Amino acid sequence: MKNNTWTIIKKEFARFFGDRSLLFTTVIMPGLLIYLVYSLMGEGIGKMVTEGQNDVVTMRVENMPEFLATEIATDSQLVILEQPFGQEDIDLLSDKDLNIVMVRFPKDFELLTSVYDPQSGLPAPNVEIYYNSTNNASSLIYKTLTMFLDAYESGLSNRFDVNRADNGTEAKFDMATEDSIGAMIWSELLPMLIVMMLFSGTMAIAPSAIAGEKERGTIATLLVTPMRRNQLALGKIVSLSCIALLSGISSFIGIALSLPRMISGEDIDLGFNYTFSDYLAILLVIFATVLIMASVVSLLSALAKDVKSAGTMITPFLLVVMLSGLIPMFQTSTPDSFTTYIIPFYNSIEVMTAIFAHEISWTNVILCLASNTVYAGIAVWGLTRMFNSEKVMFGR
């Protein structure tokens, strides 16, 4: 009995360790996936924390008190302008590219706080800080300044307030527009959701279209038909791309209709404020993304013996999809390098991110479409070579 048990153990070990794809997806890939995802998240979070720390910020201060002037006098990252400002100046903060913070203290602030009685029932002196939360440098200075003022106030027994809304009205101190906030949210969420939906749709149909044909034995019938092998390869990739595209469009429509309703509240509307050209660019990039996915999955399916092994071989590709989809959530700026938009799959993520952030560049869109078309052509050539190989198609 012991010998029989040992024989079974050796047989299973030989089967497992002899299958490289199974060994990789079972033993190596889980740790590799966790390492890469966590490393990417850590690097992204680090960039988000440090972004804006080295930027020079202009702080316009009205009625600056002496204690604040002493505190920020040595800060080389701040350009201090002691001058009054009006609503027209505050409205400029809606431009997320301006590193500006505006602070208004009441006149004779230190005198007012020294004589103010918290038990009087009267409103405390109010400090107004205007900033833009979508600008990292402006947001960072706002947080630093409020922390300093909170610490200063704790020694005065609540003798002043920061950004208090007076007369029951809702004052606006964060000058980021609803459109810019919405664009930031959509550019972080939607690329990841779209690529995952596209990958899900591709995985549902592509393995059975090639590996399934091999498993059922019907691939032999196709290969003996009077057609060129490159036509067969092109037909497979284009048809799979079109079918997966329908799934992608359906998913995108569902996302576009549901997310604004889920996130919007009574005081803010994060609707889709995009033009026809934006939607056209998104549709083109979605098709380019599906084209790359269908090409890669088709090549891997052609190497597999059956649908099950195809799924095993395609699993590492999921790693690429997940990592690429996470990038927009942690990057702090849109890349402007030419090579960014010719890297397969990654280029689609970056272009979609830029479109949803209202930073569309048709040059980058065209680069993405052209490069992905070239890569799809290479995939057709590779799939044609596989169809011509009896060893690949029939394991001979």
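Select E62, R104 and E128, which are linked in a network of salt bridges. A salt bridge here is a side-chain nitrogen of Lys or Arg within 4 Å of a carboxyl oxygen of Asp or Glu. By this rule, the count comes to four salt bridges.

The model is predicted, so local features need pLDDT of at least 70 and side-chain atom pairs count only at pLDDT 80 or more, whereas totals for chains, interfaces and linings use all residues. Residues are numbered from 1 along each chain as its sequence is written, and side-chain values use heavy atoms, with hydrogens and water left out.

Helices (H or I, at least four residues) and strands (E, at least two) are DSSP runs, numbered from the N terminus. E128 counts as buried, at 19% relative accessibility. Buried means under 20% relative accessible area, exposed over 50% and partly exposed in between, with a 1.4 Å probe and protein chains only.

Next, select E213 and K236, whose closest N and O atoms are 3.2 Å apart in a salt bridge. Here E213 belongs to helix 7 (residues 178-216) and K236 to helix 9 (residues 229-263), 23 residues apart. Both E213 and K236 are buried.

Finally, select R60 and D89, whose side chains meet in a salt bridge of 3.6 Å, N to O. D89 lies in helix 4 (residues 87-91) and R60 in strand 1 (residues 57-62), so the pair ties together parts 29 residues apart in sequence. D89 is partly exposed at 22% relative accessibility, while R60 is buried at 13%.
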